[in-house]
Amino acid sequence: MPKSQVRKKKVYTPPTDVRPTATAATRKPSPVWLPITAVALIVAGIGWLVIYYLSEQEYPVMSWGYWNLAVGFGAMVGSLVLLSRWR
């Protein structure tokens, strides 16, 4: 069996002047209210949808009709937007 060849190239090291100046360690952590608000929005959105379906579309706001779905899902999407900014 033939012997494998030895690697002749040097290992790549990126130049120091191209590296980003702000690393993840230098960024400030998220405020305490951010995850609390996100969890509250998730719970409120799910609660809104559950009440809407269990009340046979009479509550939370009967005159809104199917816009109640938009409110519930909008609250959950809002929480995802907040959680995307969480560090």
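This is a dialogue on how to read several features of a predicted model.

Visitor: Where should I start with the helices, and how many residues does H1 have?

Guide: Start with the length and the end-to-end reach. H1 has 22 residues and spans 31 Å between its first and last C-alpha, close to the 32 Å expected at 1.5 Å a residue. Helix H2 covers residues 67-84 and has 18 residues. The reach of H2 is 25 Å, close to the 26 Å expected on that basis.

Visitor: Which residues of H1 are buried?

Guide: Buried here means under 20% relative accessible area. In H1 the buried residues are Leu-34, Ala-38, Gly-45, Leu-49 and Tyr-52. Viewed down the axis of H1, these buried residues fall within an arc of 70 degrees, so they line one face of the helix. The face of H1 turned away from that side carries the exposed residues Trp-33, Ile-36, Val-43 and Leu-54.

Visitor: What covers the buried residues of H1?

Guide: The cover includes H2.

Visitor: Which residues of H2 are buried, then?

Guide: Asn-68, Leu-69, Gly-72, Ala-75, Met-76, Ser-79 and Leu-82 are the buried residues of H2. Down the axis of H2 they fall within an arc of 165 degrees, so they line one face of this helix too. Trp-67, Leu-80 and Ser-84 are exposed residues on the face of H2 turned away from its buried side.

Visitor: Take one residue from that list. Is Met-76 buried or exposed, and why?

Guide: Met-76 sits in helix H2. Its relative accessibility is 18%, so Met-76 counts as buried. To see what surrounds a residue, set aside its neighbours within four places in sequence and list the rest. For Met-76 the contacts are then Leu-41, Ile-42, Gly-45, Ile-46 and Leu-49. Two of these names have come up already: Gly-45 and Leu-49 are among the buried residues of H1.

Visitor: Which residues make the nonpolar surface patch?

Guide: Ile-46, Val-50 and Leu-54 make a nonpolar surface patch of about 300 Å². Of these, Ile-46 is also among the contacts of Met-76. Leu-54 belongs to helix H1, which runs over residues 33-54. Leu-54 counts as exposed because its relative accessibility is 71%, and exposed means over 50%.

Visitor: Where is Arg-85, and is it buried or exposed?

Guide: Arg-85 is in the segment after H2. At 58% relative accessibility, Arg-85 counts as exposed. In sequence Arg-85 and Ser-30 are 55 residues apart, while in space their C-alpha atoms are 7.8 Å apart.

Visitor: What does Trp-86 touch?

Guide: Leaving out residues up to four places away in sequence, Trp-86 touches Ser-30, Leu-34 and Pro-35. Trp-86 lies in the segment after H2. Its relative accessible area is 48%, so Trp-86 is partly exposed. Leu-34, one of the residues it touches, is among the buried residues of H1.

Visitor: How far is Trp-86 from Arg-7 in space?

Guide: The C-alpha atoms of Trp-86 and Arg-7 are 44 Å apart, and the two residues are 79 apart in sequence.

Note on methods:
Residues are numbered from 1 along each chain as its sequence is written. This is a predicted model: local features need pLDDT of at least 70, side-chain atom pairs count only at pLDDT 80 or more; totals for chains, interfaces and linings use all residues. Side-chain values use heavy atoms; hydrogens and water are left out. Patches are made of residues with over 30% relative accessible area and no salt bridge: like charges are joined within 9 Å, nonpolar side chains (Val, Leu, Ile, Met, Phe, Trp, Tyr) within 5 Å. Accessible areas come from the Shrake-Rupley method with a 1.4 Å probe; for residues, only the protein chains shown count as cover. A salt bridge is a side-chain nitrogen of Lys or Arg within 4 Å of a carboxyl oxygen of Asp or Glu. Helices (H or I, at least four residues) and strands (E, at least two) are DSSP runs, numbered from the N terminus. Buried means under 20% relative accessible area, exposed over 50%, partly exposed in between (1.4 Å probe, protein chains only). The expected span of a helix is 1.5 Å times one less than its number of residues. The arc is that of the directions from the helix axis to the C-beta atoms. Contact means heavy atoms within 4.5 Å.
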